[in-house]
Amino acid sequence: MGEVVLLSSGRVSGGPSKITLRRNLHHRHHHRISIYDANTYSGAHARPISLVTLRKNPGFDFGFIRKKSTKRLVTESLISKMAGSEGRPVTTDVTSGDMIFEPIIEDGVFRFDCSANDRVAAHPSLSFVNGTDRETPIKSQKTPSYIPTFECHLGQQIVKLELPVGTSLYGTGEVSGQLERTGKRVFTWNTDAWGYGSGTTSLYQSHPWVLAVLPSGEALGVLADTTKRCEVDLRKESMIQFIAPSSYPVITFGPFASPNAVLISLSHAVGTVFMPPKWSLGYHQCRWSYDSDKKVQEVTRTFREKDIPCDVIWMDIDYMDGFRCFTFDQDRFRDPKSLVKGLHQNGFKAIWMLDPGIKLEDGYFVYDTGSKTDVWISKADGRPFVGEVWPGPCVFPDFTQAKVRSWWADLVKDFISNGVDGIWNDMNEPAVFQAVTKTMPESNIHKGDDELGGCQNHSHYHNVYGLLMARSTYEGMKLGNEKKRPFVLTRAGFIGSQRYAATWTGDNLSNWEHLHMSISMVLQLGLSGQPLSGPDIGGFAGNATPELFGRWMGIGSLFPFCRGHSEIDTIDHEPWSFGEECEEVCRLALRRRYRLIPHMYTLFYMAHTMGTPVASPTFFADSKDPSLRKLENSFLLGPVLVYASTVAGQGMDTLQCTLPKGIWLSFDFDDSHPDLPALYLQGGAIIPVGPPHQHVGESNVLDDLTLLVALDEHGKAKGVLYEDDGDGYEFLEGGFLLTHYVAELQSSIVTLKVSKTVGSWTRPNRRLHVQVLLGGGAMVDIWGKDGEVLQISMPSEQEVSKLVSTSEKLYRTRLENAKRIPAVEASSDKKGIELSRMPVELKGGDWVIKVVPWIGGRIISMMHLPSGTQWLHSRVDVNGYEEYSGTEYRSAGCSEEYNVIERNLEHAGDEESLMLEGDIGGGLVLRRQIYIPKNDPKVFRIDSSIEARKVGAGSGGYSRLVCLRVHPMFTLLHPTESYVSFTAIDGSRHEIGPESSEQFYEGNLLPNGEWVLIDKCLGLGLLNRFDVGQVCKCLIHWGTGTVNLELWSEDKPVSNQSPLRISHEYEVINISSKIW
């Protein structure tokens, strides 16, 4: 007699219930078994209540639960896709209710579906390492603690999971903004998001995953296992909501005792991070672009001359011949093999970029072989899709097919024979220029393998395109050299990408806000299964100041992935580019990193084998303590707490650190500095550290090994050290040494010894330096031989007190005498834009508005709080909300420095407002008041005017001809589902979509005082009201993922008595509340 898991939903609670079995004849000759509470049973409205295990009755056929014809599904899906629908229709009379569930993978993990039909209809998993794990139920006596509800409406599946009040929410992958995600909403749609802000809702990667930390300290993970665009809505406290096209399963992990346990369980589904080569944990130097082999050699030589540690130099797209992938410019990178040989001799590895866009050009070997093999993504009509990227017209490999991945892998295999040590996959969302959506049409066709979901349109595979490209690149590198571990960095990704590639947080900005956000962004990726990440240190876009760069290097040097990178047309951003004070801070920071590499490499081994994060939020030290859950300027590297200042002008000498409960002992390497983070070791921990080499290749197993020891309240400590060749795969065959060290205090003697070893390596014959921390940076130490039992006599309490006092005094003296980085506002080099000043923020009612007075007085953020929607598409130095003084694009007014002449704060009793004024020449000023009315908090208003101040009498008191042109650029979260609607003065109705490109409206066709930008997916509209007496022309311009809704005044000279004015306001409305 076998056993079978029945599919049902709900949770058993209360007293005993009578259980009734029903057998329903299901279509296609399947038999359906349901379990009902007889107390509530009433025919069709009976509610299934629980998951139970019953012995199989020979008269019942349970096989339908898992059986399905993949071939039939793929065929039907293809037909459905070609017809333009979102997926196979699900025949079910259930449109809402509790989801049904079954246990999978291991105890505590459950798969939820809307119905048995939906379970069959769901596409294969591309996040799971083994897709069959998601499809195969296991025997388990456990039932879910929390059961999601669902509602299916107009092809969308809405899933809600309500959790206890006081639950904290994290995860959602690569997201900007705050660490704790309550109040936020994101959309999983991989997007080229240059210069993103804290409110940007779609970045380069998609992780439809939430980690919930319950009030008890237990944790629960929730995965919406869909590759399609998914709304992850956390705006309601303690509530998780997913909205995506039907049908998709939801997988829950836990609740388990800790967040760490949830991440370990998640890794059993989606895999762990690849084991990185040890050199990749060193510092990486990059720029767009080191545009010649001579420049590369100059930069690497300078690192060695200045004694600044570095392991890797990166080549951006300019190494290529006309941006053609797998080629080298014959003038600037004539002999890449010789270049790399010299780099290797100097201790550097070389990483080169590969993009997915392949130049459409007969005679170009990549295009020719790809066309012959039929590897390109096609349009709906079957012809290859052509999109504009760096090389010009490009075609794109369809990585959803095994033959295409093999073709790409072979190209990579040949490419690395040039001495390529690592590969950088960029632009792989995929990004496409001159497209409203910033990517290819969703109607494009992928001829995917059956196990991936078969032939589908681009909307199905968009979010996994980067993952599949990274996989192909990883496999190609492995083919090229099976004795080396591949190193791939990808910009786009999906949950599970960590199996193949590291990632970075994209094109960030050189300002303090992005420095602060970089900590949370790295942590969120780690909480979503991707532990190998980091930001562009110093910021990619704009010019860092010396203080900003030094502070960022201090923090970034302790991130799992550590790379400096900056864009073209900015000042140099190498560690020595900001003066000797900043250079010294960078040197100290990177030497600190290299000393900690033995510890970090051990953490990566644990991440690879167990699924634990490398960098984790401070609350991981005590998940029961709610006071730790929103800390954003500290993080953990295992038992090491890193505490940093991310505020301009505030060094560590003035910062009070919030530490978790228990014993936390400070330490440094005699390198403390106001611009470097403070370090603490948790009581009960031992960590290994090594010498501060110039590159990882200098290290040797015979190097002196140092163990830092922090005893807990019981006088005990333990820790591990992992060692292997640093590359290759011998570690999989036991070729490594994993050492467990323990220390214990007894009778004033601390005894340290090896408690356990794993692996076939013989212990190196090396010196061991043991340092027992006492607090305040003080320590006692002893030298000996690794592997031997060492004993350290502990000083008396009085002696410890003196040692701690002396150490703290030395620490303060070191901070006081440190050469501080000058606090200058901007670099003296005028190239590029200085972005590090803080925007002015207005917060009131439904809105948070951010304004940059020093560059055109522009508004760079319009965050609508109730909907969690950011409406503006902005960089600090361009776009967003601008105003011009002429009909010409970017005429005077958009870039001048404005003065703040009045600032009212709501909490001071006035409405939140800001008055700006900028000199636009010729005796004219552009004056702008931005305010959020207290009596109407749903709107924010802008009153703008061009006024004459010093117009000469010789001109009759009138200025030059001017036009007040309001130029806001709004972001399109769903470009193909967005349009502008209005009623014209003559009563005609207009709906204008992206296909219209650019349209002017004037005269009787002018909007009659209002127009609205509608996003059908969100069900929201941005309503713009204005005075038609002040506006003579309106312009709609659709761009790449953006739209401009411009208001133009008349064109005329102004005087003191006759300024030009435009007053208008914005409000977010629910489009269901009004016919548009």
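**View 1. Helices H7 and H8 cross in a right-handed way.** Residues are numbered from 1 along each chain as its sequence is written, and side-chain values use heavy atoms, with hydrogens and water left out. H7 covers residues 365-373 and H8 covers residues 402-415. Their axes sit 11 Å apart and the packing angle is about 155°, so the two helices run roughly antiparallel. Axes here are lines fitted to C-alpha atoms, for helices over the stretch in contact, and angles run from 0 to 180 degrees between N-to-C directions. Angles under 35 degrees count as roughly parallel, over 145 as roughly antiparallel, 65 to 115 as roughly perpendicular and the rest as oblique. On the H7 side, Phe365, Val366, Thr369, Gly370 and Thr373 do the touching, and on the H8 side their partners are Lys403, Trp407 and Leu411. (Contact means heavy atoms within 4.5 Å.)

**View 2. Stepping back, the whole protein has 14 helices and 64 strands.** Helices (H or I, at least four residues) and strands (E, at least two) are DSSP runs, numbered from the N terminus. Of the 1076 residues, 61% count as buried (under 20% relative accessible area; exposed is over 50%, partly exposed in between, with a 1.4 Å probe and protein chains only). Take the contacts between residues at least 6 apart in sequence: 69% of them join residues at least 24 apart. How confident is the predictor overall? The pLDDT (confidence in each residue, from 0 to 100) averages 88, and 88% of the residues score at least 70. Residues 1-93, though, have a pLDDT below 50, and this stretch has 177 contacts in the model beyond near neighbours in sequence. Residues 826-833 also have a pLDDT below 50, with 16 such contacts. Where pLDDT is low, the predicted coordinates should not be read in detail.

**View 3. Helices H11 and H12 come within 10 Å of each other, axis to axis.** H11 spans residues 512-526, H12 spans residues 546-556, and they cross at roughly 5°. That makes H11 and H12 roughly parallel. Who meets whom? Trp512, His514, Leu515, Ser518 and Ile519 of H11 make the contact with Glu547, Leu548, Arg551, Trp552 and Ile555 of H12.

View 4. With a relative accessible area of 6%, Ala717 is buried. Look for Gly683: it is 34 residues away from Ala717 in sequence, yet their C-alpha atoms are 7.1 Å apart. Setting aside neighbours within four places in sequence, Ala717 touches Gly684, Ala685, Ile686, Val709, Ala710, Leu711, Tyr741, Val742 and Ala743.

**View 5. Two prolines follow cis peptide bonds, at Gly254 to Pro255 and at Glu429 to Pro430.** For the bond from Gly254 to Pro255, omega is near 10°; for Glu429 and Pro430, omega is about 0°. Where do these prolines sit? Pro255 is part of strand E18 (residues 250-256), while Pro430 is in the loop between strand E25 (422-425) and strand E26 (445-447).

**View 6. Lys438 and Ser997 each have a positive phi without being glycine.** Lys438, with a phi of about 65°, belongs to the loop between E25 and E26. It is buried, at a relative accessible area of 15%. Ser997, whose phi is near 65°, is in the loop between strand E58 (989-992) and strand E59 (998-1002).

**View 7. Thr473, in helix H10 (residues 465-480), is buried at 0% relative accessible area.**

**View 8. Val270 lies in helix H4, residues 259-270.** Its relative accessibility is 1%, so Val270 counts as buried. Gly611 is 341 residues away along the chain, but the C-alpha atoms of Val270 and Gly611 are separated by 9.6 Å. Among the residues that Val270 touches, leaving out those up to four places away in sequence, are Ser127, Phe128, Val129, Ile495 and Arg499.

Conventions. This is a predicted model: local features need pLDDT of at least 70, side-chain atom pairs count only at pLDDT 80 or more; totals for chains, interfaces and linings use all residues. pLDDT is the predictor's confidence in each residue, from 0 to 100. A crossing is left-handed if the near helix is turned anticlockwise from the far one by less than a right angle, and right-handed if clockwise.
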